[in-house]
Number of protein chains: 2
Amino acid sequence: MSMVEAETVTQAAVFAALGDPVRLNLLSRLDQGRPQSITVMTEGTGLTRQAVAKHLKVLERAGVVSPSKAGREQHYAVQVRALVAAEAYLQQVTGKWDQALTRLRAHLER
Amino acid sequence: MSMVEAETVTQAAVFAALGDPVRLNLLSRLDQGRPQSITVMTEGTGLTRQAVAKHLKVLERAGVVSPSKAGREQHYAVQVRALVAAEAYLQQVTGKWDQALTRLRAHLER
DNA sequence: CAGATAGGCAACTAAAGGGTTGCATATTTT
DNA sequence: AAAATATGCAACCCTTTAGTTGCCTATCTG
């Protein structure tokens, strides 16, 4: 597997982690800055603690969130790097598209 | 379901569509500007035409790609709007994080 | 028109995902 | 020390997803 492909796979993992409404909600509740415990994150989801714990694991494996233990509590905090990387990836794609549009325009005006 | 939740679901669908290495590859080959047929998109994937067709359907339902018929060929083109929206979503989240950091900083310096 | 090419549809399989329940373990709290 | 709280682990269920194969239809092309 080429390096490009490897990167694509990694990037896909991040998008996949974001590709679930529950996880997107959890994330939006985590980006308040301070880490939250699993139990707290469970509140208002209508799900069991285990379900939420799984979702947080998914986010963690994708690097979107990072865990830290505080006593008996497991806290999770947003890992901005991954999000910024995803943002950069999209910018690259949309950027390429802009370039393509420019080329197309140049071609048509010839 | 609230409007926020509905939007979250929609946005999650886009991320989910991007959350697969195969689809990410297809997308990167589509962003050259001009639409491509399914058969052409299949080349070099190591998959069957039907598999690729399914992936393109997924991208289409998420609004990431749009179909158009040219004779017997089915062409797909990148739909930049969806990508920009996803980008905006991430910016909003990372932006909120920046604000949170600012608040935290202010709190610590008090 | 006959053959080749591009797709669509459907059925089927294997694996991954999202959730739940039950039970064991570690930390607090009283 | 006992009760309560926060998690972790594992087994299990159901649905979705990623891929395949087989076959039928539409559109070119020679």
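The contact between the two chains takes 33 residues from chain A and 33 residues from chain B, where two residues are in contact if their C-beta atoms, placed from the backbone, lie within 7 Å. The structure is a predicted model, in which local features need pLDDT of at least 70 and side-chain atom pairs count only at pLDDT 80 or more, while totals for chains, interfaces and linings use all residues. Residues are numbered from 1 along each chain as its sequence is written, and chains are lettered from A and ligands numbered from 1 in the order in which they are written.

## Chain contact and symmetry

On the side of chain A that touches chain B, α1 (3-18), α2 (21-30) and α5 (80-109) of chain A each supply at least two residues. Helices (H or I, at least four residues) and strands (E, at least two) are DSSP runs, numbered from the N terminus. The most comes from α5(A), with 15 residues. By class, this side of chain A has 19 nonpolar, nine polar and five charged residues; Ala, Val, Leu, Ile, Met, Phe, Trp, Tyr, Cys and Pro count as nonpolar, Asp, Glu, Lys and Arg as charged, and the others, Gly among them, as polar.

Chain A is superposed on chain B by a rotation of 180 degrees with 0.0 Å of shift along its axis (RMSD 0.1 Å). The two copies are thus related as by a two-fold rotation axis. The superposition is by least squares on the C-alpha atoms of residues with pLDDT of at least 70 in both copies. Of the interface residues of chain A, 100% are also interface residues in chain B, so the copies meet through the same surface.

## The sheets

In chain B, three strands form an open sheet in the order β1-β3-β2, with antiparallel pairing. Two strands pair if DSSP finds at least two bridges between them. The edge strands of chain B are β1 (36-37) and β2 (65-70), each of which pairs on one side only. Six bridges link β2(B) with β3 (residues 73-78) of chain B in the antiparallel sense, and S68(B) stands opposite H75(B) in β3(B). V65(B) has V78(B) as its bridge partner in β3(B). The hairpin of β2(B) and β3(B) has two residues between the strands, and G71(B) there takes a positive phi near 70 degrees. On the other pairing, β1(B) and β3(B) are antiparallel over two bridges, with Y76(B) in β3(B) as the bridge partner of Q36(B).

Chain A also has an open sheet of three strands in the order β1-β3-β2, with antiparallel pairing. Its β1 (36-37) and β2 (65-70) stand at the edges, each with a single partner strand, so one side of each is left without a neighbour in the sheet. β2(A) and β3(A) run antiparallel and are joined by six bridges, and in β3(A) the bridge partner of V65(A) is V78(A).

α2(A) lies across β1, β2 and β3 of chain A, running at about 90 degrees to β3(A). α4(A) lies across β2 and β3 of chain A, at about 120 degrees to β2(A). Axes are lines fitted to C-alpha atoms, for helices over the stretch in contact, and angles run from 0 to 180 degrees between N-to-C directions.

The two helices α2(A) and α4(A) pack at an angle of about 80 degrees, with their axes 10 Å apart. They are therefore roughly perpendicular to each other, a term for angles of 65 to 115 degrees.

## Surfaces near the DNA

A residue is near a strand if its C-beta atom, placed from the backbone, lies within 6 Å of it.

| DNA strand | Residues around it | Closest residues |
|---|---|---|
| DNA strand C | 18 residues | A51(A), G71(A), R72(A), S37(B) and T39(B) |
| DNA strand D | 20 residues | S37(A), T39(A), A51(B), G71(B) and R72(B) |

For DNA strand C, α4(A) gives the most to the surface, with four residues. The surface near DNA strand C divides into six nonpolar, eight polar and four charged residues. For DNA strand D, α4(B) gives the most, with five residues. The surface near DNA strand D has six nonpolar, eight polar and six charged residues.

How values were computed
Angles under 35 degrees count as roughly parallel, over 145 as roughly antiparallel, 65 to 115 as roughly perpendicular and the rest as oblique.
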